[in-house]
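Biologist: I'm new to this one. Could you walk me through how to read a few of its features?

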Amino acid sequence: MIEDGTGRRDDQAFAEWLAGRAGAALTALRETQGFADPAALKDAGDKVSHDLMTTALARWRPADAVLSEEQADSRRAWAGGNRPARLDADRVWIIDPLDGTREFSESGRTDWAVHVALWQRSAAPDGALVAGAVGMPARTTQHGEPLVLGTREPAAPPVDGPLRIAVSRTRPPAFVSELVAGIGARAVPMGSAGVKVCAVVTGEVDAYVHAGGQYEWDSAAPVAVALGTGMHASRIDGSPLRYNRDDPRLPDLLVCRPEHADTLLAAIDRYR
């Protein structure tokens, strides 16, 4: 969980463990609090998961910085002055304690998630994601255990037929609807961004296209999982996804099977 067989820290195993722990706490909260007050359940879920994750990170990774959606000033674009510690750190955990709060607060929905990613400055000239996990505790493995996907997942085989593109179930960007129709694809509505990205990894869909405003914590862990399994992940103009920036906004995203990347990037350029 915390160390690998050589006694060194295994950050990937830790990310999966932490996503699983937070997911279990959220499942328990859903069961005890119920769904009568969705707003209160959303707020409680954000707090319970954030507190659990930041406490664990402070204990097991005390030297590392953290960027969480639930931190004060998490959405602030920094320009000089009093900078947060993460902007000068070598290692930054980027977490979304509860992705898909709307779905979390609706009885019977399983398309919500917990995101845990580790960005490391020294891993590449612009830094890179070096570990990531997406916990989907309302979904289970074939053995009945809560589902946690990491960067070591085997990629699903390709599927014949029209492209299946994951889209937001409540507010899909207009150009994505035009894109789906224009290339003869099929839209598959889902909640959490993490669930949509992981659906590409598991073979439920072929791609996820988003351009409506997101932040680093919305995509860091899912992108780490997707890249680890050999999927394509980029901005919708094909440029790289970069994390731990002064401005945490990262508003658009394409994750897809690699064989579809060129086709989708060209089509996105036409329709957006």
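**Reading loop residues**

Modeller: Gladly! Leaving aside neighbours within four places in sequence, Thr 151 is in contact with Gln 12, Glu 16, Ala 131, Gly 132, Ala 224, Val 225, Gly 228 and Thr 229. Keep in mind that this is a predicted model.

Biologist: Where is Thr 151 found?

Modeller: Thr 151 sits in the loop between strand E5 (146-150) and strand E6 (164-168).

Biologist: Is Thr 151 buried or exposed?

Modeller: The general idea is that buried means under 20% relative accessible area. Thr 151 has 19% relative accessibility, so Thr 151 counts as buried.

Biologist: Which side chain makes a polar contact with that of Thr 151?

Modeller: That of Gln 12: a polar contact of 3.1 Å joins the two side chains.

Biologist: Now, how should I read phi?

Modeller: Most residues other than glycine have a negative phi. Here, Asp 73 is not a glycine, yet its phi is positive, about 65 degrees. Asn 244, also not a glycine, has a positive phi of about 55 degrees.

Biologist: Where are Asp 73 and Asn 244 found?

Modeller: Asp 73 belongs to the loop between strand E1 (65-68) and strand E2 (91-99). Asn 244 lies in the loop between strand E9 (232-234) and strand E10 (252-256).

Biologist: Is Asn 244 buried or exposed?

Modeller: Asn 244 has a relative accessible area of 5%, so Asn 244 is buried.

Technical notes
Residues are numbered from 1 along each chain as its sequence is written. This is a predicted model: local features need pLDDT of at least 70, side-chain atom pairs count only at pLDDT 80 or more; totals for chains, interfaces and linings use all residues. Side-chain values use heavy atoms; hydrogens and water are left out. Helices (H or I, at least four residues) and strands (E, at least two) are DSSP runs, numbered from the N terminus. Buried means under 20% relative accessible area, exposed over 50%, partly exposed in between (1.4 Å probe, protein chains only). A polar contact is a pair of N or O atoms within 3.5 Å; within protein, one must be able to donate a hydrogen and the other to accept it, and residues adjacent in sequence count only if both atoms are side-chain atoms. Contact means heavy atoms within 4.5 Å.
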